[in-house]
Amino acid sequence: MIDVILGLQWGDEGKGKIADYLTPKYDLVARFQGGPNAGHSLEFEGKKFVLNTIPSGIFRKNILNLIGNGVVIDPIRLGEEIDRIKDECPDYHERLLISQKAHLILPTHRILDAASEASKGKDKIGSTLRGIGPTYKDKIGRSGMRVGDILDPDFNQKYRSTVENHLKQIEFFGFTDFDLQTEETKFFAAIERLKTLKLVNSEYLIHQYISEGKKVLAEGAQGSMLDVEFGTYPYVTSSNTLSGGVCTGLGVAPKHIRKVYGIFKAYCTRVGSGPFPTELDNALGEEIRQLGHEFGATTGRERRTGWLDLVALKYTCMLNGVDELIMMKGDVLNGFDELNVATAYNINGVITSEVPANLCNSQIEPVYQSFPGWGKDLNLNAGYDAMDSTFKNYVEFIENYIGCKISVVSMGPGRDETLVRN
Ligand code: GDP
Ligand code: IMO
Ligand code: MG
């Protein structure tokens, strides 16, 4: 049996916190897509960690963590990440598994990412420059390199011919701002380290777990509005971030997926370029950015902020088949006089509650529903039912609009700042 947690907006919804919160109920936590473009923050016992490629179950004893075949791995960054967690998780070696079919991000993939972005000028995607797009491009183009390849005697030869090909593309872009030699030294050292980790045939492992009745949590990265099919294309990432991606990203059949948890913030953020209908490009947006510490966990970039967009949220709940919603960062809206949520779009005078197919070319005016704000000092100790009624109205309006239960409300980054509703 597999449950899924994933982000319903443009990423950074708080997936790391909730994956960590939920993991005690599971035997294995698996990442199924994305790579080190992700930054998942976890806070407990006064400590804070940011994970990029390693699943968020790594800090819980006795739980296995799998980097699935659908993920793209940068061995250099994975090594750095292991260094950050190894004191907290001295047994990581036993509990971290890597699919041999996961694709490798080579130094030249990162250079290609930078070259491609530079060539786009003002139309750039705003990529994290982690080499994600070029690596998935090679995967689909059938010229990628996989983790299992590092065990082959002809690995270096294959690497060299792939890099030759990349260098021609980089030359075509006219991009020269890189030092490949330094990066390659780090890369080959990281490959030796990767060889010491548990490289597995992960689809068999997952099936064995399922057949033994064990529980698997699939942890999404990015968000549904960044999905390569249904997101704000071309301002998206290069993987399938939706629940459908779990099947191909781990090698499991749809019938094994039991429950989909969808995570959203009580407002919206997005980092990088692309449409954002409810964006608050003003002082209020800045206030939300400061209160919510809306700066990238991996890149430190400013996140754009705006009101909650229920049109987009309902769309992504539909695409994912969300069973339960989890609302994050309610505390960031504490003390506002008035809050807005978009309930429809006005596109050239036509009111619609559908996300248009050509979102990037549409002039969207959000239609807002206003709510009175709630106080600054909400007491979490007495549980959800004892919360301020203005706060509960906000939560329950969203629930009714989407037609899906909000089962958990998060009111702070820590494990204990989490309200579970009956
Ligand atoms: P992810 O990529 O979805 O895992 O999210 P990020 O870690 O990139 O960003 C979420 C940020 O919000 C992190 O800094 C979390 O520690 C923090 N966070 C998570 N839940 C809450 C919450 O309920 N309230 C507040 N104030 N911060 C939260
Ligand atoms: P987590 O898992 C927020 C965004 C980038 C850019 C676009 C493409 O922490 O929620 P890419 O490097 O993937 O080619 O960039 O996607 N992006 C994210 N935004 N959270 C993320 O991950 C993201 N991963 C990629 O900012 O707009
Ligand atoms: Mg993040």
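**Notes on the aromatic rings**

1. Lysine 314 has its charged end over the ring of tyrosine 401, 5.4 Å from the centre. "Over" here needs NZ of Lys or CZ of Arg within 6 Å of the ring centre and within 35 degrees of the ring normal. Arginine 421 does likewise with tyrosine 384, its charged end sitting over that ring at 4.3 Å from the centre.

2. A word on the basis: this is a predicted model, where local features need pLDDT of at least 70, side-chain atom pairs count only at pLDDT 80 or more, and totals for chains, interfaces and linings use all residues. Side-chain values use heavy atoms, with hydrogens and water left out, and residues are numbered from 1 along each chain as its sequence is written.

3. There are 15 aromatic pairs in the structure. Rings of Phe, Tyr and Trp (its six-membered ring) pair if their centres lie within 6.5 Å; planes under 30 degrees apart are stacked, over 60 edge-to-face, the rest tilted. Tryptophan 10 and phenylalanine 276 sit 5.2 Å apart, centre to centre, with planes at 45 degrees, so they make a tilted pair.

4. (Buried is under 20%, exposed over 50%, partly exposed in between, with a 1.4 Å probe and protein chains only.)

5. Phenylalanine 371 and phenylalanine 397 pair edge-to-face, 4.9 Å between centres and 70 degrees between planes. Phenylalanine 371 is buried at 9%, while phenylalanine 397 is partly exposed at 23%.

Notes:
Chains are lettered from A and ligands numbered from 1 in the order in which they are written.
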